[in-house]
Amino acid sequence: MRVVTDRLPHPLRSDALDNRGRILDAARALFATEGLNVPMREIARHAGVGPATLYRRFPTKQMLATEAFADEMRACHVLVDEGLAEPDPWRGFCHVIEKTCELHARSRGFTEAFMSTFPDAMDFAAERAYAVKSIAELAHRAKDAGHLRPDFVLDDLILMLMANRGIHTTSQATRVAASRRFAALVIQAFRASPQHSPLPPVARLAPAAPGKIM
């Protein structure tokens, strides 16, 4: 008789779970303020664990970032769904712009990850593709309703995220407040108006990696 030797995966011990939680907390905090260039050893130091423990739990920074930003990706999914559900397409489009700027203002690292710093992270690629497809649909509706300027293109959203990421302040609260004002200015620029002058040619800003978002 053949003996089955496969074993079910063991749950992590309480100390291992504690280490994992500290690593993720440290990664979120450092990614938010420093971006994704923060060294893995610095994350381990802030988490109070050794580099070996960090790499045992998360062998690559890509894996760590994907896990650390899981909540942000879910929030992104929710906010675009809220925009799509809004009967008024312009209000739905504005909702997505406002909430997207605020979400990204809370973490520099999330903006970098969202914009394909790690193009092979499938969780990010799938959620990013869904978000962009949804925003494209919203933009199409808003244009048809006559509220969104006809020369708007999705590359303008990449430009918006890049500019929003450039907001540097002494605190997250101030950064979020500045981002809200920036979003309001962006919305005014996107609104259809007979006084608008034609825009310069589009600068293609989307990443050229497989699964690119444009």
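Phe110 and Phe114 sit four residues apart in helix α7 (residues 108-114), so about one helical turn separates them. Helices here are DSSP runs of H or I with at least four residues, strands are runs of E with at least two, and both are numbered from the N terminus. This is a predicted model, in which local features need pLDDT of at least 70 and side-chain atom pairs count only at pLDDT 80 or more, while totals for chains, interfaces and linings use all residues. Residues are numbered from 1 along each chain as its sequence is written, and side-chain values use heavy atoms, with hydrogens and water left out.

Rings of Phe, Tyr and Trp (its six-membered ring) pair if their centres lie within 6.5 Å; planes under 30 degrees apart are stacked, over 60 edge-to-face, and the rest tilted. By this rule there are seven aromatic pairs. One of them is Phe93 with Phe152, edge-to-face at 5.5 Å centre to centre and 90° between the planes. This pair links distant parts of the chain: Phe93 belongs to helix α6 (residues 89-105), Phe152 to the loop between α8 (122-144) and α9 (155-165), 59 residues away. Both Phe93 and Phe152 are buried, where buried means under 20% relative accessible area, exposed over 50%, and partly exposed in between (1.4 Å probe, protein chains only).

Returning to Phe110 and Phe114, their ring centres are 6.0 Å apart with planes at 55°, so this pair is tilted. Phe110 is buried at a relative accessible area of 0%, and Phe114 counts as buried at 7%. Together with Phe31 and Phe69, Phe110 and Phe114 form one aromatic cluster.
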